[in-house]
Amino acid sequence: MKRPLRQSLQWASQLGVRSVELDARSGIHPSQLSDTGLRQLRKMLDDLNLKVASLRFPTRRGFDHLENLDQRVDATKSAMLLAYKLGAPVLINAIGQVPDSADDPRYVTMSEVLDDLGRHGARVGAFFAAETGTESGQALATILDTSEDGFVGVALNPGQLIVNRFSVPDAVKALRDRIQVVCAVDGVIDLAAGRGISVPLGQGIADYPNLIGMLEENRYRGRYIVGRGDSTMDELQQGVEYLTNL
């Protein structure tokens, strides 16, 4: 839903939600937000009784691509600092396709980047959260576990896992304590089209009652972020009501 930031925040407040996710790529890019702008944004959030649950910073390529990698990493670090300044505990991004083999040079590069971001998160006070979906939960957990010095969290996206035909329960079991936020998206497998598609919350095959139960067993205390990139206001409202009623 593409709307002016102030209007979107006012609508979210009227809907009764307690926190929001902000887009640090097209909404409030770190390099374009002055100290004055940051203070104004924080005041706007306070006035509307909203907190920032997460900051999203989608890079054009994953961390498995060497071209302009240093620039992407530096930009991600700047966005993590902005997340901290806004009170958000995590910065979300997809890390790219995790290579199948740990001997693949791209795997080594990705592991080194994640380790670097993990250490940076400890310094600035906001974690990097890798979004699920391009590989199984176990594959993501394996590469995250290669980091010895820094902690990288996970943004669990059940819809994206379903779209790519991965098990949501298996991902929760594999990632457990790393899950810092849940992107509450649903999905279905379109057999006619031969692919998965994301759908509004509650209209897909994600078993959210069971998922929430699994997360509670793992003592999950993070947020549930409702909405897709093209969600309408009605869809967002229905999603909030769906989760509230569970």
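## Salt bridges

E235 is buried, at a relative accessible area of 13%. In this predicted model, E235 pairs with R228 in a salt bridge whose closest N and O atoms are 2.9 Å apart. R228 counts as partly exposed, with 22% relative accessibility.

The structure holds ten salt bridges. Among them is the one between E67 and R61, with the closest N and O atoms 3.0 Å apart. E67 is partly exposed at 49% relative accessible area, and R61 is partly exposed at 38%. R106 forms a salt bridge with D104, where the closest N and O atoms lie 2.9 Å apart; R106 is partly exposed, at 39% relative accessible area.

## Nonpolar core

The largest nonpolar core has 69 residues. The residues with the most contacts inside this core are L9, L22, L55, L86, I95, F128 and I179. In soluble globular proteins, nonpolar side chains tend to be buried together.

Leaving aside neighbours within four places in sequence, L22 is in contact with L5, L9, I28, L41, V52, S54, L55, R56 and L86.

## Helix 5

Helix 5 spans residues 137-144, and its buried residues are G137, L140, A141, I143 and L144. These residues lie on the same side of helix 5, because they cover an arc of only 165° around the axis. An α-helix has 3.6 residues a turn, so residues three or four places apart point the same way.

The cover over the buried residues of helix 5 includes helix 4 (105-124), strand 4 (127-131), strand 5 (153-156) and helix 7 (168-175).

Technical notes:
Residues are numbered from 1 along each chain as its sequence is written. This is a predicted model: local features need pLDDT of at least 70, side-chain atom pairs count only at pLDDT 80 or more; totals for chains, interfaces and linings use all residues. Side-chain values use heavy atoms; hydrogens and water are left out. A nonpolar core is a set of buried Ala, Val, Leu, Ile, Met, Phe, Trp, Tyr and Cys residues joined through side-chain atoms within 4.5 Å. Buried means under 20% relative accessible area, exposed over 50%, partly exposed in between (1.4 Å probe, protein chains only). Contact means heavy atoms within 4.5 Å. Helices (H or I, at least four residues) and strands (E, at least two) are DSSP runs, numbered from the N terminus. The arc is that of the directions from the helix axis to the C-beta atoms. A salt bridge is a side-chain nitrogen of Lys or Arg within 4 Å of a carboxyl oxygen of Asp or Glu.
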